[in-house]
Amino acid sequence: MPSLPVIGLLGCSFLSAVQIGRVYDMVLHRGTTAKGIGLVVAVVMPLFLLGAGLGRWAAEGGIAWEVMLASLLTLTGVATAYLRRQPLAIFASQFAIWIAIVVTHFSIIGAIALAVATVVAVLVTREQLAEQQEERERREAQDRVQTRARDILADYEETGQGWFWETDRRSLLTYVSPPVAKALRRNPDRLIGQPLTRLFDLEDTGDEGERTLMFHLSARSGFSELPVRAAIEKEERWWSVSGRPIYDQFDNFVGFRGSGTDLTERKRSQEQATRLARYDALTGLANRLQMSQALEKILSAQAEANRHCAIMLLDLDRFKQVNDTMGHPAGDALLKQVSQRLERSVGKIGQVGRLGGDEFKVIVPSKTSAGVLQDIAREIIHSLSQPYSIDGQRVVIGASVGIAIAPQHGKNSEELIRNADLALYAAKDGGRGRFHFYSEDLHAEAEAKAKLEEDLRDAVANEELQLHYQPVVATATNKIAGFEALLRWQHAEKGWISPERFVAIAEDSGMIQEIGEWALRRACRDLSQWPDEVGVAVNVSPVQFSNAELPRIVASAIAQAGVRASRLELEITESVFLGDDEGTDAMFTALKNIGVRLALDDFGTGYSSLGYLKKAPFDKIKIDQSFVRGMTEEGSRNAAIISSITSLANALGMDTTAEGVETHDELDLIRDHGCSHVQGYIYDRPLTFDVATSRLAGNLVAVAKGPKSNRAPRQKMLRKTVLDHGGHIYNGTIRNLSVTGAMIEGLWNVPVGTMFQLQLAHDFTITCTVRWSVDDRMGVEFANPLQKDKDGQITALQGAPPAHLKPEEMRKAG
């Protein structure tokens, strides 16, 4: 039996060893010092005590030395195995056991052996520690690489730009990135085991996308950047999905692995680019390219019966004035409203597009009767002519429509568009706010207009334009108070050209600025040679009014002529108020500072507002002749309107001039309603400067002369007609028309009293009698007045005009 000291050493060793787990937990997360203390307490001390106890027990003879050594060797082996991969702890445990034997049984040989063993152990331990350090660093490096890759993938998934997925061999999900589940508003765990196709809305993706994805999954073939729509309710999101099949080491198919990226913004950009390429950015209507493609598709149809269509070209009347006076933003806002009205007017019967600027096109892609096309054109003109509200301002424009029908008017797009364009110009030349079908004689008209523009440029350069002066008579004294300066042009070959023709050309071509300045200076120069109590009125176009140099030009013209500024009156139309901005007010202020008089011309015809009279410093209101015409007819409200205007002008201290007075009954009514001035053929037509000067040299009293009453109002136009006289057929062209008669061009020196059957339309013929004839023109009176519809349009003109007969056809008919 061991002695008490041996039992004490072995007992203390046992008690210390029992605490090894607790000590390990205490020092596991502490520093090096704490871990060193723990090593001594839990390893060194128990083994030292155990070695000392066994050594003393052997010395006392309790156990044999061989048993002790075997026990110690077994114990060191167990300690080494237990403390594996911890060289320092192994060294400490071995050292603690054998140092205890040396201490209890000291001998020189034992001490030397222990020292040698210690040195060897130290060297081995250092090598092991170095190897462990290298291995630890290598493992940490590998961990960092794996962690970095994992973090990068996680960060990439979190951005939402890309994600990853994996399926088994049945195309059921085994992994999907969490952001995908979040986007789908699903629990990520719930998606595992679901089909891959559950992530997508293949019905909305389209048949092509659905067939492609299902084909690749069933064929086990890779696919790349396949666009699919995400299965997200009430949100349009698109993904680009790529995938490849994966196989195990035995080449067995085990599923798919792939990735996806967000395609939404790119798809929207592509759609936007496509839309910009095919749609007008401002109005949202089809653009020129799409309309051209649509027309080409119709005209190139395989079946000839499907090549029928009609196109309408539209041009807005007075739109340029809106841009010039209110600015381009207001013009853009107006174009948006126009496009909306245009789509409502055309409806589903045709396609509407914008060609650019204020030009629009309508394609009616079917065989449509002329009557239906007329109804559409009337509805378009009526709708677009209704007032608009732009930035709180009331704006009124109009529209002109040219119509061409395929294949009658052209079998290819170029020819059809050219002919529709010619019809549009004919509609505008006819007074705007009209529609016109293409006819063959329009080519000659277009060539004539181009030649007229060229001649007008030459006339401006060579100072061939003239100013004629129409007297303005004061109703109180019956004396000439002044003249209105009117442009005239006598062409070297064609004679006198109507101002309505060449002024419109000047405005369209941009020559109006130069012509307007010339007229202003010429009128002031002529004014300087007339009596001091006589003034002159000069028209100022909206384009001139918007020119900041206008006050300087006016002051210069007055100074050069040496006349009083108050003798010059500038006539300004209401369209200058479209902008109603500071520039307009500044222009009025600058002109009034010069001292000239200002007259509001054509009052009541377009943009009338009492606010204009309140703000603008006008000296006179000119009542448009459209109110004078028909004022004496029974039931007409024109007289009441004129009375209201004159009363308003008198209250504001302004003069009034009634324009276009031609008959005595009109003059009497004008005087009765208090107009201060009268202008019209009742007193005189426009006079040359020499004649006007001679007229002023005598008595300024003006004598009214003219018919007692007026004839029916006439409508200018350019319309084909066919005349039948006793079976002889003649081609003619109507230049103007009223309900009671017309002026026809094309027949030479027709005797007065000749009767014709006049064909106004394919389905309408009326009897007429020639009342006057000059060269190739004649005036005819209808046997019965023509009828008008509820909109005031002559019903006989609603049918298509008759086609002119060829010479051989006329001979055959005769």
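**Reading helix pairs**

Guide: Here, helix α2 (residues 20–27) and helix α3 (residues 32–59) have axes that come within 9 Å and cross at roughly 175°. That makes α2 roughly antiparallel to α3 (angles under 35 degrees count as roughly parallel, over 145 as roughly antiparallel, 65 to 115 as roughly perpendicular, the rest as oblique). Helices are DSSP runs of H or I, at least four residues, numbered from the N terminus. Axes are lines fitted to C-alpha atoms over the stretch in contact, and angles run from 0 to 180 degrees between N-to-C directions.

Visitor: What kind of model is this, and how are residues numbered?

Guide: It's a predicted model: local features need pLDDT of at least 70, side-chain atom pairs count only at pLDDT 80 or more, and totals for chains, interfaces and linings use all residues. Numbering starts from 1 along each chain as its sequence is written, and side-chain values use heavy atoms, leaving out hydrogens and water.

Visitor: Which residues of α2 and α3 meet?

Guide: Ile-20, Val-23 and Val-27 of α2 touch Ala-34, Lys-35, Gly-38, Val-41 and Ala-42 of α3; contact means heavy atoms within 4.5 Å.

Visitor: How do I describe another pair?

Guide: Two packed helices are described by the angle between their axes and the distance between the axes. For α14 (residues 328–346) and α15 (residues 370–384), that's about 150° and 9 Å, so the two are roughly antiparallel.

Visitor: Is Thr-264 buried or exposed?

Guide: Thr-264, in helix α11 (residues 264–278), counts as buried because its relative accessibility is 7% (buried is under 20% relative accessible area, exposed over 50%, partly exposed in between, with a 1.4 Å probe and protein chains only). Beyond neighbours within four places in sequence, Thr-264 contacts Glu-236, Arg-237 and Trp-238.
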